[in-house]
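This briefing covers the sheets, the helix packing and the ligand shell of one structure. The topics follow in that order.

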Amino acid sequence: MSIPVVDFRAYSLTEKDVTEEQLHELAAQLKKAFVEIGFVLLMNTGISQEEVDQILDISSKFFLQPDELKKPFIRQSFPNNLNHGWVPVETEKLSPNRPADLKESFNTASFHPDIKWPTSDALKCFREIHTSFYQRCKELSMRVLRVMALSLGLDPDVFVRAHLLIGTDENATTMRSLYYPPVKTVKENQIRCSEHSDYGTITLVFQGSDGLEVLTRSGNYIPATNVPGSVLINIADLMQRWTADRFISASHRVLLPPTGDPRTRQSVAFFVHPDDEVLITCCDGSNKYPPITAGDYVAQKFNQSYD
Ligand SMILES: O=C(O)CCC(=O)C(=O)O
Ligand SMILES: [Fe+2]
């Protein structure tokens with residue numbers, strides 16, 4: 001089994017005249033992937049590899065600074081949005097069975113005027129690059145959510161309408177740039193990114209190199225090979241609840257590199273969340289999961305993963 005590949009050209013960000021027939025064809029392909037494995041590799045989305053390289057590049061300049069220069073941006077230091085900011089290595093614990101992850105990250109979760117952004121010469125484009133990549137990811141997410149609603153025979157705008165506040169502090173959508181430093185000393189069972197599923201509706205992933213693995217329904221992890229120019233998209237927990245388990249929020253992880261391999265790794269994940277106040281109820285009318293607001297669900301998950 002491998003991750004299914006879907007050509008998204010007909011509804012790419014540069015395409016204005018998609019036909020109903022093309023949308024239904026895409027819907028059928030996405031539905032199959034999201035039911036069978038919960039992951040899909042989209043080609044020709046309109047987001048170019050140059051854009052991805054640009055954000056990976058400016059992010060690595062940020063991460064490679066001494067911790068002292070990153071501390072002013074640490075997560076939880078911005079009162080308007082406690083999820084925004086820098087997360088040092090070994091802070092986030094995604095699995096109860098493992099030590100905290102060997103990764104560092106920067107969460108872009110707010111554009112509130114009180115947010116401080118890096119301003120040094122080397123990082124003067126940091127804010128602009130992060131803001132524009134966030135917007136690109138948001139636009140693509142809206143297109144994907146539309147196709148997903150169609151694929152389930154729902155009102156095509158039902159998911160889009162639940163995500164109108166992306167980019168404000170009333171919505172938890174977060175773009176996270178990840179940096180996995182060279183591996184030196186390792187605790188027992190520690191890995192780069194522990195087994196977990198994501199919390200929101202969908203996640204867009206841009207990998208700088210291989211490393212991500214995905215759990216299949218048959219119970220084994222397979223590589224999500226990095227294909228330059230593509231966007232990997234996965235179902236997250238709230239979408240699994242919303243669809244009463246038709247779409248699956250698959251577990252995934254990043255293992256350690258082979259012993260002695262000094263290579264770092266980078267990726268960018270765009271975690272799409274519904275607006276905080278949106279109540280997620282099973283769209284098939286069942287009560288397989290009790291209703292919960294998107295805001296309460298994410299708050300619960302953050303309490304578990306950041307002690
Ligand atoms: O680094 C990656 O490729 C994915 C990271 C991830 O799954 C996450 O941060 O939720
Ligand atoms: Fe993830």
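Two strands pair if DSSP finds at least two bridges between them. Helices (H or I, at least four residues) and strands (E, at least two) are DSSP runs, numbered from the N terminus. The model is predicted: local features need pLDDT of at least 70, side-chain atom pairs count only at pLDDT 80 or more, and totals for chains, interfaces and linings use all residues. Residues are numbered from 1 along each chain as its sequence is written, while chains are lettered from A and ligands numbered from 1 in the order in which they are written.

**Sheet of 8 strands**

- The strand order in this open sheet is β1-β2-β10-β7-β12-β5-β4-β3, and the pairing is mixed.
- β1 (5–7) and β3 (85–87) are at the edges with a single partner strand each, so one side of each has no neighbour in the sheet.
- From one strand to the next the twist averages 25°; axes are lines fitted to C-alpha atoms, for helices over the stretch in contact, and angles run from 0 to 180 degrees between N-to-C directions.
- β5 and β12 run antiparallel and are joined by 7 bridges; T174 has F271 in β12 as its bridge partner.

**Sheet of 4 strands**

- A second open sheet has the order β6-β11-β8-β9, with antiparallel pairing.
- Its edge strands, β6 (193–196) and β9 (221–223), each pair on one side only.
- Neighbouring strands here are turned by 25° against each other on average, direction ignored.
- β6 pairs with β11 in the antiparallel sense over 2 bridges, and the bridge partner of C193 in β11 is V254.

**Helix packing around α4**

- Two packed helices are described by the angle between their axes and the distance between the axes.
- Helix α4 (residues 126–151) and helix α2 (residues 49–63) have axes that come within 10 Å and cross at roughly 140°.
- α2 and α4 are therefore oblique to each other (angles under 35 degrees count as roughly parallel, over 145 as roughly antiparallel, 65 to 115 as roughly perpendicular and the rest as oblique).
- On the α2 side the contact is made by E51, Q54, I55, I58 and F62, and on the α4 side by F126, I129, H130, F133 and R136; two residues are in contact if their C-beta atoms, placed from the backbone, lie within 7 Å.
- These contact residues of α2 and α4 comprise 6 nonpolar, 2 polar and 2 charged (Ala, Val, Leu, Ile, Met, Phe, Trp, Tyr, Cys and Pro count as nonpolar, Asp, Glu, Lys and Arg as charged, and the others, Gly among them, as polar).
- The axes of helix α1 (residues 20–36) and α4 come within 8 Å and cross at roughly 85°, which makes α1 roughly perpendicular to α4.
- In α1, L23, H24, L26, A27, A28, L30 and K31 meet V147, M148, L150 and S151 of α4, a contact with 8 nonpolar, 2 polar and 1 charged residues.
- α4 also lies across β4 (104–108), β5, β7, β10 (231–235) and β12, at about 130° to β7.

**Shell of ligand 1**

- Around ligand 1 are R176, L178, C193, D198, V205, Q207, L212, H252, V254, S267 and A269, where a residue is near if its C-beta atom, placed from the backbone, lies within 6 Å.
- At least two shell residues come from each of β5 (174–180), β7 (202–207), β11 (252–254) and β12 (265–272).
- By class, the shell has 6 nonpolar, 3 polar and 2 charged residues.
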